[in-house]
Amino acid sequence: MVISDIALHFPKNLSEAIRLLGELEEARVLAGGTDLLIEIKQGLVMVKNLISLKKIKELKGIEKKGNRIRMGALSTLEEVMSDPLINQYIPALADAAASMASFQIRSMATVGGNISSAVPSADLPPTLIAAEATVELHCSDSSREVSLSEFFTGPREMICGKGELLTSVFIPLPPDETGIAFQKFALREASALAVVNVASKLTIKKGKIERALIVLGAVAPTPVLASKASGLLCGNKPSDSLFEKAALTAREEGNPISDIRGSIWHRKELIQVLTRRTLDEALSQVQGKLRRGK
Amino acid sequence: MKEERGKHRIVVLNVNSEEHSVAVKDGETLLDVLRDKLRLTGTKKGCNLGVCGACTVLVNGQPKNSCLLLAAACEGDEITTIEGVAGEGVLHSLQRAFINHGAIQCGFCTPGMIISALDLIKRNPDPSEDEIKEALSGNLCRCTGYTRIIDAVKSWKKYKKTKEPPSRSYDSEKFLTVGRSLPRVDAADKVTGRAKFAADYYFQNMLYGKILHSPIPHGRIKKIDTSRAENFPGVKLVLTGKDVPDITYGVSPARYDEYILAKEKVRYVGDEVAAVIAVDEETAEGALNLIQVEYEELPAVFNPTEAVQEGAPQLHERYKNNINTHVDHHFGDIEKGFAEADCIREEEFVGNHVYQNPLEPHTSIAYWENDGSTLVLYSSTQVPHYVHYMVARVLDIPLGDIRIIRPTVGGGFGAKAATTPLDLITSIASKKTGRPVKMLYSRKEMFLYGRGRHKQYMKFKIGVKKDGRITAVKSKIYLDGGAYSSFGVITAYYAGSMIPTLYMIPNYRYEGFRIMTNKPACGAMRGHGTPQPRFAFESLLSMIADDLGIDPVEIRLRNAMEANTRTCNDLDVRSCEFKSTLKEVEKKSGWREKYGKLPPGKGIGIGCGGFVSGAGYAIYRGQVQRSLEKKPEAFQKKAIFPHANAIVKVSEDGTAVIPLILAAEIGQGAATVLSQMCAESLGISLSRVRIRMEDSDISPLDLGAYSSRTTLMGGNAVVMACRDVLKKLFATVSEIWGCKPQELEAGENRIFHKRDKSKDMEWAEAARRYFNEHGPLVGTGWYKPPEELGGDYKGAAVGTSPAFSFGSSVCECRVDLETGKVKIERFTDYHDCGTPINPQAVHAQVEGAVVMGSGETIMEEVIYDGKGNTLNPNLHDYLLMTIKDVPEIFSGIVDSYEPEGPYGAKEIGEGATLPVLAAVAHSIANATGVWIKDLPITPEKILKALKNKEEAA
Ligand SMILES: Cc1cc2nc3c(=O)[nH]c(=O)nc-3n(C[C@H](O)[C@H](O)[C@H](O)COP(=O)(O)OP(=O)(O)OC[C@H]3O[C@@H](n4cnc5c(N)ncnc54)[C@H](O)[C@@H]3O)c2cc1C
Ligand code: FES
Ligand code: FES
């Protein structure tokens, strides 16, 4: 289909993009287009101007900056999956990217787009939130950095204002003795949105959980930080029964709806199972690191 | 009122190393520009929403979905389409691998598959199976079951780049063609993107049409105002119900109940209300929004149980209580049968409403030629003749004034087995405008048009003796038909008639009701009405086996159908090797070592089934004639006209043989097996055969690709025509040699004397000699099913066939008992399809059916919202199995010979689906300890059943 009255713009740098975004009527930025073009084709959004980010070099690349990893908003899922830094420090993010869509889509879809589409089932946000990532937002005269856990305000809603562009994602390098794991349940092996996805982070010092974060996706309008379940873990020694208790608590912290992918009941069951599995996996990551360290 | 239209800009696109400067609108996708403007139509549009992968192209070496790229944003990129994969006249090794491994059926997914695979082998010349699956994870295929695609990519290195055509290269020393796994005759065109599907045709001055669909499930049309649409710039014609004939159409003659455009009432969300014909698709679509329709909404009903209640909303006056069809069949005496039984079990099952989803969307193009007196209709149909018949009826013109062209078809599975609104609207609109008119369905419109599998609510009761022998079977089935009849009358009969063909059933009762509801009409899908009852029956039989402590394979062997049996419902089974299929799957799958011995979460299950090899009777009664001028005819127990007809024409130089037959190649391989039989019967090599099946002006009538009829019926017609050719040829040659025609034989591209080695002539030379003396060398052949098929009761015609196929499948699966997720790991299937004309093609049908049937059992379903709206009319939410979901599949063929079939052949296309559903369901029950009896068996249902069981314990 042709979207006849759309005008496409190709700003060459960030400031031009931000200027256009502020000036043009019914304008949206176009990254990979794997979400936006589908919305437009289905008549779900009205757009008059599309601002392609394609030519903006500042938005590309994954690199280490101090004690953080910076991912440009235009990093594709394929780049995330294969990036050595990501695989070294937060393999769970590579897992999340690998669980998404299909081969072709992953070479088009971007990190910025996955976050900014603010879809409840999006697969990167849970791991990013668990990893305590922040996002950098630019508008015409300033930029700000906000925690991703505060970014989403509802389905397809976020604090990113009109005229604001998401430029980078920063992930603090996880401290030693930390494991981050991601689990997704979907109805087929490729091109499938999450029925539920969960990411958990555990930092274990001297045999005790020092910090824990459990983040649930697709079970509420925005990703849910299961704070009760996370809190329950802190200060305790990891054990099967502890994890099971946390999983049971997490189950009650999700607030899913029933839709064509799953009912409230099934989603709650899945929260519990996936939470426990991510905790087990995060723990074994830490144990693996310790073993290697020795 | 003119809307502001997007401006064009000139962009320079680098496609296949050639620069094209094209005027594009900013909103145009690369896919549309490649196809519509550059006419590089090898890149396909299957979904337009980024899921199917048919539109995959390489952009700077990376595979991407061209439907999600804007052309204007691709300036400066290097784009490679399928047309650029190999040089002119040369095939890439990968393309050759696809050809030789039989990785192609309809070919619609093939260009995208090859592009994705090409990128993979460039990155990784020796990919593992998992790497192949990952690389092709965004390419859906509905036909092949992916198995052969994986094999092809794995072994691409074995093939060298070759000059085309490769077909000549399989001219081997041996000239025997039947029974050999030869590559498809259309393969080279399909791997290069040259094969032309209906949407790939463009005609000068062509217009485009779009349909306005009803937004409400049930209502009366009070007023339609089309004036704003008519005045919209670019609009040429607007049609509504008053502009189309007052003639109903459909499939079953007793129930023609559809108008081309709604006359008075709409009956489902999607019903056709109006059509706009304009200079391009976008304009037509835009103008649809300007048509104002005032409806008086009527109460609607969405499920059969409510629809039959007194006082329920009535869809059609003629179907009282919304009962469209009622079947009541009783054979033998079930009271007596159940009284004799030692064990009786009754269970309820639900078969789901799935949609065929051929990868190619329906397309029609019509124009009028021959001074405007002859309609030419290009249709992506699987039944060119029935489209021909129906268009003649609705336009009320003789069939002789219509020429139907069936281009390459991208799969059907029943979705393309009826005349569509597109066929009829393009025909009418092209007449009115005097210009060619093209119309295509979007994926969403395909779902709205429907004709998928009926949802069936089934109650089955089986009685058996202690030793497992069946004494009686009873079933009661409600079929949710949707808003119109379509095939449904036949579906309702099929749901009952095929049950007694697999096992010896002495007493049988079937009661079926097809009920109208305010949803898209259901139709015939692969296995037509029979896979769900078969699923129910097989599941129940396995339950009973467990109840009695008899092995599920054993109970089947004890009841299995035997050759030359007349079933209780008067169907004549001739060849039957059902028992061998059971014994073979049992052995090959390691059944005895596994059944009942697997750990929790692992399961094995069995299912069996079979199907007709072509329906015994045509869908309409009487002769081939405009239906409105025929008097209503009484049913006669014989075919009135031949169901398959062939002309075999030899080129004047004798080097080429051209079989003409209107049989429909839709991906299943009809062109190849018919060509093989032609070559075999004439004693020539396959490369000399060039079949023509696409044009009704050229090829004589064949009823098309439904009821798995082509191999048997089309094959018989072709073989007979070939005999006719040989008779003429032998007469000429025997005269030259002064011997008797009976003393001659044809083979290895020669005509020779059976005993006298000195008498030997090139086949082509013999044909030339014939032409010199007698003019064109042509043979004709036809096939009529045997007379007197079936019993004398109402509906006895449905289920009759010259021959029946049989098969058994064993499924092995793994279930995650905490989430309910199923992984189908392995399938073992053996089939009795008579003589396999092309074993590779048989296996390919089985693999495709296993994957389609597995999807139907665990993940596919059209979902409605309770107000008649389809919630998942796209390939994101309607789940087809991807390459990463498919099991390992073993397909085997047992020795069998069907006397009524050409070279002993029977069907495989639909029958292969039948065992699958129950095999999967049984394996899940075996893995989990709970039987899920309503399809699809989703993770949620499994988990729920497990929890319920836990609580009960
Ligand atoms: C077949 C298929 C399967 C999919 N499977 C998955 C899946 O498994 N999991 C999943 O999470 N998603 C999935 N998706 C959705 C989608 O591909 C991803 O969300 C993707 O990451 C979106 O990125 P994009 O660059 O394509 O975004 P775009 O479509 O370009 O943009 C999405 C939205 O974000 C805005 N935007 C983009 N970049 C920025 C920016 N830098 N600053 C501000 N706003 C911005 C756009 O204006 C738009 O509103 C799938 C999509 C398809 C087609
Ligand atoms: S047409 Fe582009 S993915 Fe289906
Ligand atoms: S061959 Fe793949 S869709 Fe038909």
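Predicted model: local features only at pLDDT ≥ 70, side-chain atom pairs only at ≥ 80, totals over all residues.
Let me begin with chain A, where A:Lys55 lies over the face of A:Phe10, at 4.7 Å from the ring centre; a charge is taken to sit over a ring if NZ of Lys or CZ of Arg is within 6 Å of the ring centre and within 35 degrees of the ring normal. In chain B, B:Lys438 is placed over the face of B:Tyr202, 3.9 Å from the centre of that ring.

Residues are numbered from 1 along each chain as its sequence is written, chains are lettered from A and ligands numbered from 1 in the order in which they are written, and side-chain values use heavy atoms, with hydrogens and water left out.

Now to the aromatic rings. Over all chains, a search of the whole structure gives 27 aromatic pairs, where rings of Phe, Tyr and Trp (its six-membered ring) pair if their centres lie within 6.5 Å, and planes under 30 degrees apart count as stacked, over 60 as edge-to-face and the rest as tilted. B:Tyr386 and B:Tyr620 have ring centres 6.0 Å apart and planes at 90°, so this pair is edge-to-face. The two residues come from distant parts of the chain, 234 residues apart, with B:Tyr386 in helix H11 (residues 384-395) of chain B and B:Tyr620 in the loop between strand S25 (602-609) and strand S26 (644-650); helices (H or I, at least four residues) and strands (E, at least two) are DSSP runs, numbered from the N terminus.

Are these two tyrosines, B:Tyr386 and B:Tyr620, buried or exposed? B:Tyr386 is buried, at 8% relative accessible area, and B:Tyr620 is buried at 5%, where buried means under 20% relative accessible area, exposed over 50% and partly exposed in between (1.4 Å probe, protein chains only). B:Tyr386 also forms an edge-to-face pair with B:Tyr706, at 5.5 Å centre to centre and 70° between the planes. Because B:Tyr706 lies in the loop between helix H19 (670-682) and helix H20 (710-737) of chain B, this pair ties together parts that are 320 residues apart in sequence. Ring pairs link B:Tyr386, B:Tyr389, B:Tyr620, B:Phe641 and B:Tyr706 into a cluster.

Next, the interface. The contact, meaning heavy atoms within 4.5 Å, takes 62 residues from chain B and 44 residues from chain A. About 4400 Å² is buried between the two chains, with carbon and sulfur atoms giving 56%; buried area is the accessible area (1.4 Å probe) that two parts lose on being put together, summed over both. B:Leu68, B:Glu818 and B:Glu940 supply 14% of the area that chain B buries against chain A, more than any other three residues.

How many salt bridges are there between chain B and chain A? The count is 8, with a side-chain nitrogen of Lys or Arg within 4 Å of a carboxyl oxygen of Asp or Glu. One salt bridge joins A:Glu189 to B:Lys821, with the closest N and O atoms 3.5 Å apart.

Finally, two buried residues. B:Ile477, in strand S21 (residues 470-482) of chain B, is buried at 0% relative accessibility, and its contacts beyond four places in sequence include B:Tyr457, B:Phe460 and B:Pro533. A:Ser230, in helix H9 (residues 227-233) of chain A, is buried at 4%, and leaving aside neighbours within four places in sequence, A:Ser230 touches A:Ala212, A:Leu213, A:Ile214 and A:Leu225.
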